[in-house]
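User: I have just opened this one and would like to be walked through it slowly. Could we start with the ligand and then look at a few other spots?

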Amino acid sequence: MESTATMRFDVLTLFPEMFSGYLGQSVLKRAIQAGLVEVHLHNIRDWAEGKHRQVDDRPYGGGPGMVLMVRPVVEAVEAVQAMGTPGRVVLLTPQGRRLDQRLVEELGRQPRLLLLCGRYEGFDERIREILDPLEVSIGDFVLNGGEVAAMVVIDTVIRLVPSVLGDEQSSQQDSFSGEERRLEYPQYTRPPEYRGLAVPEVLLSGNHPAVARWREEQSRKRTQERRADLLAEPPRDINDESRQRRPASN
Ligand code: ADE
């Protein structure tokens with residue numbers, strides 16, 4: 001299905017230069033040039049005050065590291081929201097809902113996402129209270145900041161924008177896509193034999209129903225062996241508040 005709607009991302013970060021290599025890569029570059037995707041970078045420091053344009057400060061109550069200040073972050077988000085039809089604010093944090101293909105699909109249904117990248121020990125809690133963001137984690141590990149996570153979100157979401165991949169079929173065949181989340185079957189290309197390892201006969205047979213059966217079987221087997229958890233996961237929804245809002249503790 002063709003769609004002319006543009007998916008818009010606004011990234012709020014202290015390190016916009018981290019995105020230049022990523023934005024220049026071929027899939028994204030073509031999508032941006034074709035008007036399918038827009039990515040706008042904003043430096044949170046542009047909303048900071050004073051000679052030093054300070055964006056972080058020591059935590060009240062003591063402790064290590066620095067905390068992102070509420071004022072520049074909230075005012076940056078509000079100014080960026082005013083640059084178009086307001087979008088959903090996504091805060092990248094290891095405390096967020098873990099990103100999976102289902103969440104990617106939910107994010108992909110939003111016309112505009114504001115990706116808020118943190119640094120340092122974290123965000124002043126009032127940022128959460130004021131902006132009520134959807135908090136997203138890309139996994140149970142701690143990055144040095146949200147930028148790499150924001151790139152992961154953009155990268156996974158744009159695969160679902162019609163025409164971005166050129167071949168609309170291919171994202172639908174990805175592992176984890178569709179209703180049944182399964183790992184992909186093994187793929188082969190030329191040559192038919194290498195170091196004594198032959199491509200499975202069925203793939204060379206030209207028998208399409210047999211190929212489809214083999215792939216289905218391999219996909220099921222691989223998922224069972226490697227990620228049996230995927231076969232048991234309950235459905236989730238972006239509007240399910242109980243999963244978005246975390247308990248008050250950090
Ligand atoms: N910022 C730091 N660690 C992160 C993670 N795992 N996911 C998203 N944002 C992060």
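User: Which pocket does the ligand take up?
Analyst: The space taken by the ligand is the second largest pocket. A pocket here is an open set of points on a 1 Å grid over the protein atoms alone, where a 1.4 Å probe fits and protein lies on both sides within 12 Å along at least five of seven lines, and a molecule sits in one if more than half of its atoms lie within 2 Å of its grid points.

User: And which elements give two or more residues to the shell around it?
Analyst: Those are strand 5 (88–98) and strand 8 (134–137), with strand 5 giving the most, 3 residues. Strands are DSSP runs of E with at least two residues, helices are runs of H or I with at least four, and both are numbered from the N terminus.

User: Before we go on, what kind of model is it?
Analyst: This is a predicted model, in which local features need pLDDT of at least 70 and side-chain atom pairs count only at pLDDT 80 or more, while totals for chains, interfaces and linings use all residues. Residues are numbered from 1 along each chain as its sequence is written, and side-chain values use heavy atoms, with hydrogens and water left out.

User: Which backbone atoms lie by a ligand nitrogen?
Analyst: A backbone N or O atom of Thr 93 lies 3.2 Å from a nitrogen atom of the ligand, and for Ile 138 the distance is 3.0 Å, as it is for Leu 143.

User: How many residues of each class are in that shell?
Analyst: The shell has 8 nonpolar, 4 polar and no charged residues, where Asp, Glu, Lys and Arg count as charged and Gly is among the polar ones.

User: Changing topic, how many salt bridges are there?
Analyst: The structure holds 14, each being a side-chain nitrogen of Lys or Arg within 4 Å of a carboxyl oxygen of Asp or Glu. One of them joins Arg 71 and Glu 49, at 3.3 Å from N to O.

User: What does that pair tie together?
Analyst: Arg 71 lies in helix 3 (residues 70–81) and Glu 49 in the loop between strand 2 (37–43) and strand 3 (56–57), so the pair ties together parts 22 residues apart in sequence.

Conventions
A polar contact is a pair of N or O atoms within 3.5 Å; within protein, one must be able to donate a hydrogen and the other to accept it, and residues adjacent in sequence count only if both atoms are side-chain atoms. On a 1 Å grid over the protein atoms alone, a cavity is a set of points where a 1.4 Å probe fits but cannot get out, and a pocket is an open set with protein on both sides within 12 Å along at least five of seven lines; lining residues have an atom within 4 Å of a point.
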